[in-house]
Amino acid sequence: MNSDKQPRGRNTAGNALLYILLALGLLGLLTMTLRNQSDQASGENLEKEQAQLYATKMVAYAAAVKNVVDQMTMSGTPPSKIITLNPKDIGFDTPPHIDKVFHPDGGGLSYQGATTPPFQGIDTPVAPGGWYLGRFNNIEWTPTTAPDIILTAFRIDRPVCELINRQITGSTDIPAIGGTGDMWTYLVNDFYHGAGNADLTQVVCPECEGYPALCVSNAAADNYSYYNIISGQ
């Protein structure tokens with residue numbers, strides 16, 4: 001009978017050890033899964049925080065541009081005389097400089113170059129991604145039909161565009177600009193693309209009406225741009 005009991009004890013001990021090893025293996029697998037999920041969540045949060053940072057910086061830069069233009073206007077330069085050439089443009093260093101927004105002897109505004117992210121297509125030959133400031137068309141919901149001074153962050157990441165709109169409208173929805181022209185037709189001076197300009201109207205963007213600033217897309221929803229009416233005429 002003793003010989004019958006010994007193997008049973010060994011089998012019981014072996015089974016117990018097997019169960020322990022299986023439990024340890026499952027615990028290790030669960031720990032690894034939880035760690036991967038935690039790392040993924042941290043990465044997603046980091047990306048959201050980065051997009052929020054870019055959105056906040058863009059809104060703040062637009063406010064800085066408006067402040068400089070307002071100061072120039074109050075100092076005697078009417079909006080129709082303000083020169084929006086940036087340091088990369090031909091003629092930027094040709095005097096006089098007093099009416100130039102970005103010149104140290106004019107408005108003294110610091111020019112912001114484009115980086116990826118949040119801009120896309122910064123190497124595109126026609127209207128590459130970046131900041132554009134100009135007076136080249138009229139926004140229908142400004143006081144008159146005279147050309148307005150518009151700042152555009154052209155070709156930005158969609159998450160940044162969504163967060164900008166959440167600050168402005170409380171929603172991440174992105175209105176689309178319709179019409180037959182490319183987005184730069186309405187938001188970027190012809191000086192930078194040569195394709196002509198058109199007024200931004202309610203027909204072109206019904207959801208834009210009344211907003212002095214908004215992030216919009218083109219009809220194909222593959223180009224996102226933030227416009228800001230710096231001086232509405």
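Mentor: Buried means under 20% relative accessible area, exposed over 50%, and partly exposed in between, with a 1.4 Å probe and protein chains only. By that criterion Cys-205 and Cys-208 are both buried. Please note that this is a predicted model, in which local features need pLDDT of at least 70, side-chain atom pairs count only at pLDDT 80 or more, and totals for chains, interfaces and linings use all residues. Residues are numbered from 1 along each chain as its sequence is written, and side-chain values use heavy atoms, with hydrogens and water left out.

Trainee: How many disulfides does the structure hold?

Mentor: A disulfide is a covalent bond between the sulfur atoms of two cysteines; here the criterion is a pair of cysteine sulfur atoms within 2.5 Å. The structure holds two. One joins Cys-161 to Cys-215, with an S to S distance of 2.1 Å. The other is formed by Cys-205 and Cys-208, whose sulfur atoms are 2.0 Å apart. When the bonded cysteines of the protein chain are numbered in sequence order, the pairing reads 1-4, 2-3.

Trainee: Which disulfide is left-handed, and which is right-handed?

Mentor: The torsion about the S-S bond of Cys-161 and Cys-215 is about -125 degrees, so that disulfide is left-handed. The link of Cys-205 and Cys-208 has 60 degrees about the S-S bond and is right-handed.

Trainee: Which parts does the pair Cys-161 and Cys-215 tie together?

Mentor: Elements here are DSSP runs numbered from the N terminus: helices are H or I with at least four residues, and strands are E with at least two. Cys-161 lies in helix α2 and Cys-215 in strand β3, so the pair connects parts 54 residues apart in sequence. Cys-161 is buried, at a relative accessible area of 0%, and Cys-215 also counts as buried at 0%.

Trainee: What should the 12 residues of α2 span?

Mentor: The expected span of a helix is 1.5 Å times one less than its number of residues. For α2 this gives 16 Å, and its end C-alpha atoms are 16 Å apart, which agrees. Within α2, Val-160, Cys-161, Leu-163, Ile-164 and Asn-165 are buried. Just after α2, Gly-170 takes a positive phi of about 85 degrees.

Trainee: How many bridges join β3 to β4?

Mentor: Two strands pair if DSSP finds at least two bridges between them. Five bridges join β3 to β4, and the two strands run antiparallel. Cys-215 has Tyr-226 of β4 as its bridge partner. The two strands form a hairpin with six residues between them, and Ala-221 in the turn has a positive phi of about 55 degrees. Strand β2 is likewise antiparallel to β4, through five bridges, with Ile-150 partnered by Ile-229 in β4. Eight of the eight residues of β4 are buried, so this strand is largely enclosed by the rest of the structure.

Trainee: Which residues touch the most other members of the largest nonpolar core?

Mentor: In soluble globular proteins, nonpolar side chains tend to be buried together. A nonpolar core is a set of buried Ala, Val, Leu, Ile, Met, Phe, Trp, Tyr and Cys residues joined through side-chain atoms within 4.5 Å. The largest has 32 residues, and Met-58, Val-101, Ile-156 and Tyr-226 touch the most other members. Its largest share, nine residues, comes from α1. Apart from this core lies another of 20 residues, among them Phe-136, Ile-150, Ile-177 and Leu-187.
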